[in-house]
Amino acid sequence: MGLLSDPNRRRALIGMLTRLNAPICLVCYMAGVAWFMGLAFEPFTLRTYMSENAMGSTMVEERFPSGEAALATGREFAAHKKKAGGMPVDWLVRTMQSKGLEVFTQRFSRKLPFPDENKERYMVKGYNVYGILRAPRAPRTEALVLSAPCSPGNDNNQAVGLLLGLAQYFRSQIYWAKDIIFLVNEHDLIGMQAWLEGYHHTNTTGMDWSPLQGRGGSIQAALSLELSSDVVTSLDLVLEGLNGQLPNLDLANLFYAFCQKIGVLCTIQGKLPRNDWDTTSGYSHAVQTMMLMVLKQASGRPWGDHGLFLRYHIEAASIKGVNSFRQYKTDATTIGRLMEGMYRKLNNLLERLHQSYFFYLMPSLSRFVSIGYYMPAFGLLAVILLLRALDLWVQLSSPPTITEDDGTEVPSSPGVLSILTPLVISHLTGVALYTLPILSQETAVQHFPVSETEAVVLTAIAIYTAGLALPHNTHRLLSGEGTEQGWKVLKLVAVLYLAVLLGCTALINFSLGFILALTLVPLAAFITPHVPKALSAFLMVVLSPGCTLLFAVFFFQELQETPVSVQEGWMLFLSVISQGILDHALYGSLVYPLVALLVYPCWLLFWNILFWK
C-alpha cells in the first residue's frame, strides 16, 4: 500500500508497466496457456474423494437378480414400440401398474422455430409416461428420478426394460425413504423439458403440455439411463448440462466408486482411465479427455436428458452403455446392481448434495481440477486486458493540443459521436444477427431454392459476414475524420468491455470464457490502426468467433478420434449453428445470444479500430 500511496513510487510503477507493457502481456499469455495445459498433469490434480458422509461407505450388498427378465421386457417394449410407431403409451401404463406403481401420463407438443433436419422433426407431439414408487418409511417430501428416453428405432430399448425391471425390484424393498419416479420420455430433450416444466409448474419455453396429475416430493437427484445392447463393454458417464452446468462432483464420485467395487469398466468422454501419467502418451490422453470436457461445456448444450435437471438445482447425470470391441463384457444384471447401489446411497441423503465441487474439470474419473486450480489460467489472460487498458489510460491522460488561429493551444479530444457511433452500429449488427435469421426464413425460402433450416443458417452467416464491411469507418459517419485520440478512447472502452464480458462468462461457463479469451485477448491487446492492414485483418478473421467455432468443430472430431474431411467439417459447422439457435429457442441455452449480442459486437469494435482513419 505504501508503494501506491507514494506519488513518486506510483508514477515509477506505472511508468514501468507502460514501458514493459508488451513483454509483460506476452509472458502472461504464454503463462496462462502453460498453466491450463499443466492442469492435466496428474501431480497437479486432486484425487476424487467422497465429501458427503451419507454416501461415503459402499459396504451395502447390491442385489438385482432380474437382468435377463429386464432384457426380455426390453424386447417386448421394442415390439410394441414398432407396432405403435412410437411410444407404446397403453402398454407402458399397464406394465408399470402391474409392478405396483402409481402411473400417470403427460401429453406435450411443440412447434420448432424451424425444422430440425438432424432429427427430421418440425411439429413435435408426444407423451411422457411415469410411475411413482411411494416411500413406505418417510413423509414423501423428497424424490429421486430414474429416466430412460424412448428413442426411435432400436435405440435404448434395453434401458427401458432395465428401468421397468428396477421398478419391480425396488417395489419389493422396504428401505426407501424417498419417492422414486420412473420416467420414460418421448422425443428426448423436448419430452424431458415438458415433464420438468410440468413438475415444477413453470413454462419458460412456450411449450404446450398437459398438467401432471401426480407428483412426488422435491427431486434431490436424477439419473438418465441409455442402453442399446444386451451386453455392454463399458459405461460412460456424461456430466455436461445446459449452459455448461455440472452436477455436484459427489455424484460422479459415487458412480466411480460403485464401478470400482462391482468391477464395471467405466469411462468419461469415452476415454478409459490410464495409470501411466508420467509418460507422454499418458499425459496426452489426460489432455484429450480434459479438452473434450472443455469443448462440450463451452457448447452450452445439454449432452443428455440429465442436462435439463441442472437448471432446477437437481443433481443429475447420464449413464450410457457402450458396446465396443473390448474384451471386457458387462451384462444387464451387473448394471442393475450398480444402479440399485447408487439409488440406495442417494436414498440415504439427509440434504441436497452440496459439500463437494460444482465447478471442476476432469482429466479422468479418478482425478479432478477444482476451480481454484483452473481460474488462475483465465486470470493470467484477463490481466492482459487490464494492462492494455492501463497503458491506454496513461496515453489519454495527457491529450495532445491543437493551435487555434489566435495562437492559443487547446486540448484535442475526440467527439462523442465518433465513439458512440461504432458502438451503436456494432450492437445493432449483433441484434440483426440474433433476430433476423428466424424472422426472415419465410422470405428467404420464397426467393431462394433453400429449405427453412438452410435459410436460417445462411442468413446468420450472411449477416455475420456483412458485419465485416459495415462498421469500419463508422466513426466518420456523423463527425468527420477520426482522430488519434478517438481510436484510443474507443479501444479503451472495447478492452474494458471485453474484460467484463469474459470475466462474467468465465464465472458462469469457464470453458466458454477461456476459449473466447484464448482467441480474443491477443487481438484486443495488440490491434491498432498502425499495424499492417492485410495481415492483421486476416488474423482478426481467423480469431473471430465464427472461425473459432469452425476450428472447434474440427478439433472436437480429432479428439473423439473421428476425423472428418473439409466438406464434412463444413456441414458439421452449419449443423452446429442451427443446433445452437434451436437450443436457445427450445431449452434456453445462452451461448447463441451471448455470441450474437455481446461477443460479436465487441469483436466488431476492434475491427473498426483496425480500419480507423
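**Salt bridges and an open sheet**

In this predicted model, Arg274 has a relative accessibility of 37%, so this residue counts as partly exposed. Its salt-bridge partner is Asp276, with the closest N and O atoms 2.6 Å apart. Asp276, at 25% relative accessibility, is likewise partly exposed. Side chains of opposite charge can pair when their charged atoms come close.

The structure holds 14 salt bridges in total. One of them joins the side chains of Arg134 and Glu102, at 3.1 Å from N to O. Arg134 sits in the loop between E3 and E4, while Glu102 belongs to strand E2 (residues 102-116), so this pair ties together parts that lie 32 residues apart in sequence. Another salt bridge, at 3.4 Å from N to O, brings together Lys271 and Glu561. These two residues are 290 residues apart, with Lys271 in the loop between E9 and helix H9 (280-299) and Glu561 in the loop between helix H19 (545-559) and helix H20 (566-587). Lys271 is buried, at 10% relative accessibility, whereas Glu561 is exposed, at 60%. Asp116, Lys119, Arg121 and Asp188 are linked in a salt-bridge network.

Turning to the sheet, nine strands make up an open, mixed arrangement in the order E6-E2-E3-E5-E4-E7-E10-E8-E9. Strands E6 (208-209) and E9 (266-268) each have a single partner strand, so one side of each is left without a neighbour in the sheet. Helix H6 (residues 157-171) packs on the sheet and touches strands E3, E4, E5 and E7. Helix H8 (residues 249-262) lies across E7, E8, E9 and E10, at about 35° to E10.

Methods:
Residues are numbered from 1 along each chain as its sequence is written. This is a predicted model: local features need pLDDT of at least 70, side-chain atom pairs count only at pLDDT 80 or more; totals for chains, interfaces and linings use all residues. Side-chain values use heavy atoms; hydrogens and water are left out. Two strands pair if DSSP finds at least two bridges between them. Helices (H or I, at least four residues) and strands (E, at least two) are DSSP runs, numbered from the N terminus. Contact means heavy atoms within 4.5 Å. Axes are lines fitted to C-alpha atoms, for helices over the stretch in contact, and angles run from 0 to 180 degrees between N-to-C directions. A salt bridge is a side-chain nitrogen of Lys or Arg within 4 Å of a carboxyl oxygen of Asp or Glu. Buried means under 20% relative accessible area, exposed over 50%, partly exposed in between (1.4 Å probe, protein chains only).
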